[in-house]
Amino acid sequence: MSGGHIPFSHKGRSAIHAIPSKGSIWLMLKQMFNRVPSKWKFCSLVLCIMLFISLLEFSIPQLTQFTIDKIIPEKRYDSLIWIGAGILCAAILLAILNYFNSYIVSKVGQKAIMDIRNSMYEHIQTLDMKFFDKNRTGDLMSRLTNDVNLLQQLISSSMLQVLTDTVTFIAVAVYMLFINWKLTIVLLITFPFMFYITRAFGKRIRMSFRSVQSSAGDVSNQLQDSISGMRLIQSFTNEEFESRRFAERNQENMTANLKSVRLRSMFGPIIDLLNNIGLVAVIVFGAWQVMEGEFTIGLIVAFLAYLRLLQSPVRNFSRVISIVQQSAAAFERITEILETQPEISDKGNAIELPAIKKKIEFKSVDFAYDGTVPVLGNLNLTMKAGQVTALVGSSGAGKSTITSLLIRFYDPQNGTIKMDGHNIKDVSLKSLRGQMGIVSQDIILFNGSIRDNIVYGKLNATDDEIIESAKAANAHDFISAFPDGYDSQIGERGVKLSGGQKQRIAIARALLKNPQIIILDEATAALDTESEHLIQQALSRLMKKRTSIVIAHRLSTIHDADQIIVLEKGQVLEKGTHDQLMQNNGRYKQLHDLQFPQVSDIKYLAT
Ligand SMILES: Nc1ncnc2c1ncn2[C@@H]1O[C@H](COP(=O)(O)OP(=O)(O)OP(=O)(O)O)[C@@H](O)[C@H]1O
């Protein structure tokens with residue numbers, strides 16, 4: 001492939017790029033802590049348990065020492081049973097407390113994770129179509145799963161261990177200062193270096209984790225694309241090409257992982273090296289002072305033992321730094337989503353839109369998806385309530401865009417869209433979208449049963465209502481013919497259904513919603529005559545007594561529309577009824593003649 005055009009080669013990368021904010025570790029710890037249910041109670045309980053565990057761990061060697069030093073020399077046979085029972089009790093208590101501790105910490109961690117994931121999911125649902133146009137499903141999924149999972153590490157026993165380690169560290173350091181401040185200062189000389197190295201490595205480790213997680217998002221995008229497009233891959237026999245593409249993403253992920261592992265593997269030994277430099281300093285300075293007669297040998301021996309006590313928290317701390325940095329990288333990716341504000345949302349004083357009675361008006365509407373290339377320019381049109389308005393025009397003229405603006409998937413850059421005089425920006429999204437039902441050419445069905453998919457139109461619908469809408473959509477007969485009837489599973493995106501069946505389920509779902517306005521993005525797919533007839537009949541029932549907007553590709557279906565609007569390059573070219581437009585002898589007639597040169601079966605609109 002080298003040198004040639006590699007299709008899709010640089011697509012699929014995450015579109016959200018934010019600069020890691022300063023102090024985000026504290027923010028992260030604070031936010032995670034705030035998500036812990038009854039946080040103070042939880043922390044006190046866990047710390048008490050940890051303290052108790054330390055005491056028990058300390059008691060076992062004490063009892064052992066007592067046995068060796070006292071019981072054996074004094075031959076106190078009768079005490080043996082008590083010593084045995086004592087050690088056993090301590091061991092059992094230790095096992096129970098350890099279990100309890102790790103269970104409650106994990107439980108609280110899981111709860112916090114669930115909470116974050118729910119918040120993210122709720123937030124994602126508030127974001128507008130621009131966000132989904134820009135971001136890839138796989139990457140969003142990776143943020144909701146991998147990144148959220150990584151945060152769980154923050155609520156773990158090893159994180160709480162940091163607290164006890166800090167106490168140990170301070171206690172030992174103060175004690176050492178008290179015993180001999182000179183030796184302690186020599187010993188602590190390495191600590192500023194440790195601090196500097198930890199900071200420098202911390203930043204790099206976090207950046208490396210960020211690349212790991214973003215490349216994991218790319219792998220996930222690739223997987224999402226290819227698994228859902230498996231039919232296309234196999235029909236084009238592009239398996240090898242896809243494997244290569246996947247291997248590339250995988251390779252990038254591995255390289256990012258290796259870089260991160262290299263950094264983490266270097267960090268621990270560097271901290272150990274600094275610890276050992278401290279040890280050397282104590283030995284050299286201590287020995288010199290002993291020779292000078294300033295220190296006793298016993299002092300040096302005791303100091304070396306304290307040093308060991310001091311090193312253990314430092315080593316644990318360096319391990320925790322990795323966890324914190326990894327979580328911080330995940331947290332940044334999560335925050336980027338949580339901080340993305342929807343451009344389309346309810347105004348503070350949004351009103352409830354009353355049921356449409358008069359008309360929908362587009363006034364001087366300008367719109368461009370990317371803000372620069374115009375799709376609609378100074379568009380003016382009126383659609384009367386209770387009537388059928390058909391939008392026709394060549395592919396890319398902006399027909400679907402008009403309906404997307406009406407439902408507020410996007411807002412126009414200029415101009416207004418009004419329903420019965422209410423600017424749709426001033427009404428609540430729920431009341432606006434609640435009035436609309438869409439049956440589009442891309443039928444979206446969820447994995448689940450036929451019933452689940454129809455009831456989506458009205459979640460509290462009764463079985464009778466579901467059956468009634470299925471009957472009106474001409475779907476009841478084929479549904480009843482399935483062995484499991486309405487409980488038949490339709491597979492992902494409805495793969496187990498035919499095109500016509502999927503359409504009728506979508507119509508049943510829209511009928512159940514019983515919307516005031518129906519938007520019909522007419523399917524271009526050719527159906528057999530019988531199926532087409534059934535669908536047309538179902539659609540007529542759906543459009544009855546409603547305000548209908550039909551995006552028509554086949555002009556035969558809109559012959560009786562009350563108004564036909566012909567669009568070209570985002571502007572209204574002509575409008576009127578079929579007869580008026582035919583008489584006009586303009587673009588509509590041209591399109592009509594293309595489709596029906598001699599009333600033949602040409603079904604597609606040439607553009
Ligand atoms: N989400 C999007 N982001 C960017 N551009 C878009 C998007 N959707 C559509 N467009 C562009 O806007 C223009 C109008 O598209 P639209 O889907 O409204 O046309 P249409 O008249 O409905 O076409 P068709 O009959 O083929 O469905 C096209 O040039 C298209 O490339």
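A residue is counted as near a molecule if its C-beta atom, placed from the backbone, lies within 6 Å of it. By this criterion, the residues around the ligand are D133, Y369, V375, G393, S395, G396, A397, G398, K399, S400 and T401. Helix α12 (residues 399–406) contributes the largest share of this shell, 3 residues; helices are DSSP runs of H or I with at least four residues, and strands are runs of E with at least two, numbered from the N terminus.

The shell comprises 3 nonpolar, 6 polar and 2 charged residues. Here Ala, Val, Leu, Ile, Met, Phe, Trp, Tyr, Cys and Pro count as nonpolar, Asp, Glu, Lys and Arg as charged, and the others, Gly among them, as polar.

## Basis of the model

This is a predicted model, in which local features need pLDDT of at least 70 and side-chain atom pairs count only at pLDDT 80 or more, while totals for chains, interfaces and linings use all residues. Residues are numbered from 1 along each chain as its sequence is written.

## The chain as a whole

The chain contains 20 helices and 10 strands. Its radius of gyration is 35 Å, well over the 25 Å that the globule rule gives for 607 residues, so the chain is more spread out than a compact globule. The radius is taken over C-alpha atoms, and the rule is 2.2 Å times the number of residues to the power 0.38. Along the principal axes, the C-alpha atoms fill a box of roughly 120 × 60 × 55 Å.
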